[in-house]
Amino acid sequence: EVTIVSDGIFTMPLSFVLPETPAEQAKAFLEAHDAELEFRAETNVTVVRNGPVTALIDTGAGPDFMPTLGQMPDTLEGIGIKPEDVTHVVFTHAHADHFWGVVDPFGDGTRWPKARHVMTTIERDFWLKPGVEDRVPEAVKSMALGITRRLKELGDRIEPVADNVEIVPGLALLATPGHTPGHASIVVRSG
């Protein structure tokens with residue numbers, strides 16, 4: 001059973017979405033086509049349930065990234081999933097809108113205390129390298145610091161795994177680097 005749940009909506013300025021396009025050119029184009037001047041995106045998390053396994057694919061952004069995000073815990077509760085029901089948390093990558101929601105803002109550590117937390121070794125190690133904020137684009141520097149802080153807070157809870165590995169029967173990581181160095185897609189198989 002695959003269910004998509006919302007963590008909310010986030011907006012980004014055109015300068016972030018189209019960094020190589022002059023601002024006036026982007027604005028004129030969008031106005032001519034009656035389009036929004038901000039990029040709005042749903043932040044969704046996939047829940048995969050298969051027998052005793054309840055896996056989250058990413059964890060949303062949590063409340064610290066933008067005030068319109070952080071709704072996933074309530075959304076999960078609304079479909080009957082409690083924090084202790086989650087057996088696996090599998091990360092595609094560590095950007096804020098996919099990873100920051102893992103940390104419980106009211107306590108130390110993860111929101112899902114009984115779950116196995118999995119991320120590619122390449123992804124984890126990239127964000128934990130000293131000075132990572134100096135190796136990313138200007139627009140991502142503060143996010144890099146937040147990613148590193150959360151990874152350090154979770155410590156050994158994050159289980160680094162090789163690319164292209166099956167986490168549980170029917171749920172595997174597939175290396176798809178590019179968006180981030182250790183980015184992974186998730187392959188779900190059933191029969």
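Predicted model: local features only at pLDDT ≥ 70, side-chain atom pairs only at ≥ 80, totals over all residues.
Local features need pLDDT of at least 70 and side-chain atom pairs count only at pLDDT 80 or more, while totals for chains, interfaces and linings use all residues. Residues are numbered from 1 along each chain as its sequence is written, and side-chain values use heavy atoms, without hydrogens and water.

The largest nonpolar core has 30 residues. Such a core is a set of buried Ala, Val, Leu, Ile, Met, Phe, Trp, Tyr and Cys residues joined through side-chain atoms within 4.5 Å; buried means under 20% relative accessible area, exposed over 50% and partly exposed in between (1.4 Å probe, protein chains only). Leu56, Leu76, Phe99, Trp112, Trp127 and Ile147 have the most contacts inside this core. Two or more residues each come from strand E2 (38-50) and helices H3 (72-78), H4 (96-99), H5 (121-128) and H6 (141-154). Helices (H or I, at least four residues) and strands (E, at least two) are DSSP runs, numbered from the N terminus. H6 gives the largest share, 5 residues. Apart from this core lies another, of 12 residues, including Val53, Ile57, Val168 and Leu171.

Leu18 lies in the loop between helix H1 (14-17) and helix H2 (23-32). Leu18 counts as partly exposed because its relative accessibility is 36%.

Val2 belongs to strand E1 (residues 2-13). With a relative accessible area of 52%, Val2 is exposed. Beyond its neighbours within four places in sequence, Val2 is in contact (heavy atoms within 4.5 Å) with Thr46, Val47 and Val48. Val2 and Gln71 are 69 residues apart in sequence and 19 Å apart in space, C-alpha to C-alpha.
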